[in-house]
Amino acid sequence: MNLTTDQSKNLPVVQDEIEEQEIEIDENLAIQTINLKKYFGKGYNQVKAVDGINISVKEGEVHGYLGPNGAGKTTSMLMIAGTYRPTSGKGYIFGKPIGTPAANKLIGVAIANPNFWKSMTAYDYLIYMGRLTGMQKTLAKERAKEFLHILEMTKHGFRHPAKFSTGMKAKLAVAQALMHHPRLAVLDESTAGLDPESRFKLVNTIKELAGMLGTSVFVSGHILTEIEKLVSRVTIIVKGKIGLTTTLAEMRKEFSTGEYALECSNAKQVIEDLSSLGVATKIYLDSNDTIIFQSDFIDYVYVQLPEILQRNGSELRRFSPIEVTLEEVFINVISKRYGSEFLYEEELLYEQQIEQGGLLKRVRRG
Ligand SMILES: Nc1ncnc2c1ncn2[C@@H]1O[C@H](COP(=O)(O)OP(=O)(O)OP(=O)(O)O)[C@@H](O)[C@H]1O
Ligand SMILES: [Mg+2]
């Protein structure tokens with residue numbers, strides 16, 4: 001923590017506090033955090049789970065929150081949801097301080113691995129949760145039915161969610177988070193453990209519902225191909241700090257490799273001809289017989305291409321820039337900031353444990 005001097009009183013002032021004061025609270029932002037921190041434990045055992053994050057989620061957007069295991073996503077979300085008290089820093093939901101009834105009223109939350117009361121049916125659970133958000137009983141009943149229907153769970157409404165499959169639990173958690181039509185939904189790994197088809201359906205339902213209700217969504221997850229379909233902006237958190245916030249469009253531009261894919265017939269001849277132009281910085285045929293190339297003179301290639309194709313009796317199927325995926329950006333941001341070995345820390349740890357015989361012994365015993 002940096003100490004500076006408050007000129008008027010000549011007293012030391014904590015730098016973090018100055019930063020917090022300098023940022024204006026924006027009531028139009030669904031989420032705004034200012035130097036938000038959550039530390040667990042003390043001294044040598046202290047874990048800086050969230051270490052001074054500034055997040056802004058705009059009204060109406062679906063914003064992805066990404067990071068490796070243990071990065072601090074759930075902890076941040078629990079602070080935003082008012083469940084955890086921050087160690088320091090500030091957070092606002094549409095201008096209302098997090099953890100206050102005014103903020104809690106605006107938000108719907110589904111945190112990973114929800115626990116459901118054993119004695120309640122799914123239908124009763126939704127009514128109960130709805131009433132906790134201040135809904136009248138009749139409206140809560142109506143919405144519970146409506147959301148069970150939307151999520152194709154009507155026939156399971158009178159079963160106990162504790163006995164549900166992972167997929168059904170996840171859907172019920174999403175129903176619970178959205179049924180009071182909150183202005184903001186915080187969804188932590190809402191599709192974890194679901195099979196691909198169920199995930200696809202749930203992602204689409206979330207997207208549609210958010211659009212219909214005008215709900216801003218802050219969503220975390222590890223399946224980046226899916227997050228990519230859902231969100232318009234992402235924030236990447238690594239070891240409690242923000243690594244990057246960007247829109248998918250900016251991300252594609254910024255991290256673009258400048259590579260193009262050319263799919264055509266007679267690709268083997270075409271690649272020879274294309275190489276002989278002498279303008280490619282990279283050129284190869286991938287395993288699908290697609291020509292991948294990179295050039296600083298792409299306009300020139302565009303001009304030459306029709307003739308090259310004609311010369312080789314080749315038919316064009318596709319010629320387009322290769323879009324960078326969210327997964328590639330994620331790996332890039334993390335390895336740039338922390339070294340590529342960071343990504344494999346868990347595996348290294350696992351290998352060490354195996355070397356030490358711990359896991360193997362456990363496996364053998366099991
Ligand atoms: N209640 C707690 N007490 C102590 N440490 C905690 C607690 N909750 C989380 N942590 C630690 O804080 C760090 C961040 O954890 P968090 O669960 O927020 O990460 P995450 O990004 O959600 O990870 P994952 O992708 O695995 O869900 C981890 O090092 C974790 O061990
Ligand atoms: Mg988590």
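I looked up the contact of α10 with α11 and found V270, D273 and L274 in α10 meeting I308, L309 and R311 in α11. Contact means C-beta atoms, placed from the backbone, within 7 Å. I note that this is a predicted model, with local features needing pLDDT of at least 70, side-chain atom pairs counting only at pLDDT 80 or more, and totals for chains, interfaces and linings using all residues. Residues are numbered from 1 along each chain as its sequence is written, while chains are lettered from A and ligands numbered from 1 in the order in which they are written.

I sorted the α10 and α11 contact residues: four nonpolar, no polar and two charged. Here Ala, Val, Leu, Ile, Met, Phe, Trp, Tyr, Cys and Pro count as nonpolar, Asp, Glu, Lys and Arg as charged, and the others, Gly among them, as polar.

Next I checked the geometry. Helix α10 (residues 267-275) and helix α11 (residues 298-311) pack at about 140°, axes 9 Å apart. Axes are fitted to C-alpha atoms, for helices over the stretch in contact, and angles run from 0 to 180 degrees between N-to-C directions. Helices are DSSP runs (H or I, at least four residues) and strands likewise (E, at least two), numbered from the N terminus.

I then turned to α4 (residues 122-132) and α5 (residues 137-150), which pack at about 130° with axes 8 Å apart.

Last, I listed the shell around ligand 1; F40, N69 and K73 are among its residues (C-beta, placed from the backbone, within 6 Å). Helix α2 gives the most, three residues. By class I read four nonpolar, six polar and one charged.

Definitions and conventions: Contact = placed C-beta atoms within 7 Å.
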